[in-house]
Amino acid sequence: MRTVYFDNAATTQIRSEVAERMMEVMRDIPGNPSSTHAYGRTAKSQIETARKAIAKHLNVTAGEIVFTSGGTEADNLVINSAVRDLGVTRIITSRIEHHAVLHAAEEVSKTHKIHLEFVNLKDCGTPDEKHLEELLKDGTNKTIVSLMHVNNEIGNMIDIKAIAKLCKSYGALVHSDMVQSVGHYELDLQEIPVDFIAASAHKFHGPKGVGFAFVRKNSGLRPLIYGGSQERGLRAGTESVHNIVGLEAALTISYENLKEESAYIKGIKAYFAERLTEIPEIKLNGNCNNLEKSTYTLLNVCLPITAEKAILLLFQLDMKGVACSKGSACQSGSDKGSHVLMEILNEEDLKKPSLRFSFSKYNTREDVDYVMDVLKEYMEIKTSSIA
């Protein structure tokens, strides 16, 4: 049976070069980075070399990179500390953020009794900048704005540079979950005036379980985890040297090959979008059909079938060797529908199944053709000769 992995927004296949580099570190560098002997100094050197390389890719200083277990921890670190330590009394976000942001914001709003406000969304799911400015004009509360650069479910991209500049003009702190964009887009954080970002290695062909927060110099942020002085006191715990080295290797390779690989993946997305038009009444959710306003790495598709027939759709795809998502991977084990789609789809379309197909350099047009054949077979649509 053929297998097709179209769930790269959930996690990507680790590059073989990255895995090999990690194995070298695990095999040859056994020291604890906090130890002062030669073994420890060697491990520490690996971490700091990786930190400098990552910082260079983003045009920031090495001291502004804080290694974490991934994007979720980075988001929580920023939001919790902003309220607890930086005097923030209001959070402005959107209702289609990743739950790492939404749930963290909801929790601190309850425990610290702060104001939690949501910017309105346009029909396609992008934040309404006019409404955001209206919220920002109320300067009675110290504010942090948290808006993700690329939405993990529908792929919408915001103009993070323009939004960050708007927020800074009103004195607000700016945080952006960039888990879906780091490694996929060139990001100059000297040009984009954000205070904090979150990133995760497994979204750009690196290892799972490691990521980082960008924390602007002199922000005043304090740790979420206590116990040691690692990460300049911002994240206690023995650093995972092999994972950090793997993160840097994956990011460096991604940026070295960005032009070629992004063009290739854009071609896969465009070809899939074209083939999908063979299914009558199909819809693309959000800004998926606009490459200027959405990421080149995914499509979110609303299929014109009944709710009863939709129940077995993911199961049928899985049985045919096709991996994709009904919602974000973090929600795939839940019976709840997508909180993102609930905000942007009408009641009729919410009754239909929406699937997220997400792509990487390892996918091919033949993968697209196979998935189209499976979809058509399930939906009882005559297979086109195009495949």
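The structure is a predicted model.

**First stop: helices H2 and H7**

Two packed helices are described by the angle between their axes and the distance between the axes. Select residues 38-58, which form helix H2, together with residues 241-256, which form helix H7. The two helices pack at an angle of about 30°, and their axes are 9 Å apart. Angles under 35 degrees count as roughly parallel, and H2 is therefore roughly parallel to H7. The crossing in which H2 passes H7 is left-handed. To view the contact, display the side of H2 that includes Ala43, Gln46, Ile47 and Ala50, along with Ala53, Ile54, His57 and Leu58. These residues meet Val241, Ile244, Val245, Leu247, Glu248, Leu251, Thr252 and Tyr255 in H7.

**Second stop: helices H3 and H4**

Next, select residues 71-85 for helix H3 and residues 99-111 for helix H4. Their axes come within 9 Å and cross at roughly 25°. This angle makes H3 roughly parallel to H4. Here H3 passes H4 in a right-handed crossing. From H3, the residues in contact are Thr72, Asp75, Asn76, Ile79, Asn80 and Val83. From H4, they are Ala100, Val101, Ala104, Ala105 and Val108.

Select residues 258-276, helix H8, and residues 365-379, helix H13. The axes of H8 and H13 cross at roughly 25° and come within 10 Å. The two helices are therefore roughly parallel to each other. Their crossing is right-handed. On H8, the contact is made by Gly267, Ile268, Tyr271, Phe272, Arg275 and Leu276. On H13, the partners are Arg365, Val368, Asp369, Val371, Met372, Leu375 and Lys376.

Side chains of opposite charge can pair when their charged atoms come close. The count in this model comes to 22 salt bridges. To see one of them, display Arg21 and Glu24, whose side chains meet at 3.4 Å, N to O. Both residues lie in helix H1, residues 16-28. Arg21 and Glu24 are 3 residues apart, about one turn of the helix.

Finally, show the surface and select Ile311, Leu312, Phe315 and Met319. Together these residues make a nonpolar surface patch of about 460 Å². Within this selection, Leu312 lies in the loop between helix H9 (307-310) and helix H10 (313-319).

How values were computed: Residues numbered from 1 in each chain as written. Predicted model: local features only at pLDDT ≥ 70, side-chain atom pairs only at ≥ 80, totals over all residues. Heavy atoms only, no water. Patch = residues over 30% accessible without salt bridge, like charges linked within 9 Å, V, L, I, M, F, W, Y side chains within 5 Å. Areas by Shrake-Rupley, 256 points an atom, 1.4 Å probe, with all protein chains shown as cover. Salt bridge = Lys/Arg side-chain N within 4 Å of Asp/Glu carboxyl O. Helix = DSSP H or I, 4+ residues; strand = E, 2+ residues; numbered from the N terminus. Axes fitted to C-alpha atoms, helices over the stretch in contact; angles between N-to-C directions. Parallel < 35°, antiparallel > 145°, perpendicular 65-115°, else oblique. Left-handed = near helix turned anticlockwise from the far one by under 90°. Contact = heavy atoms within 4.5 Å.
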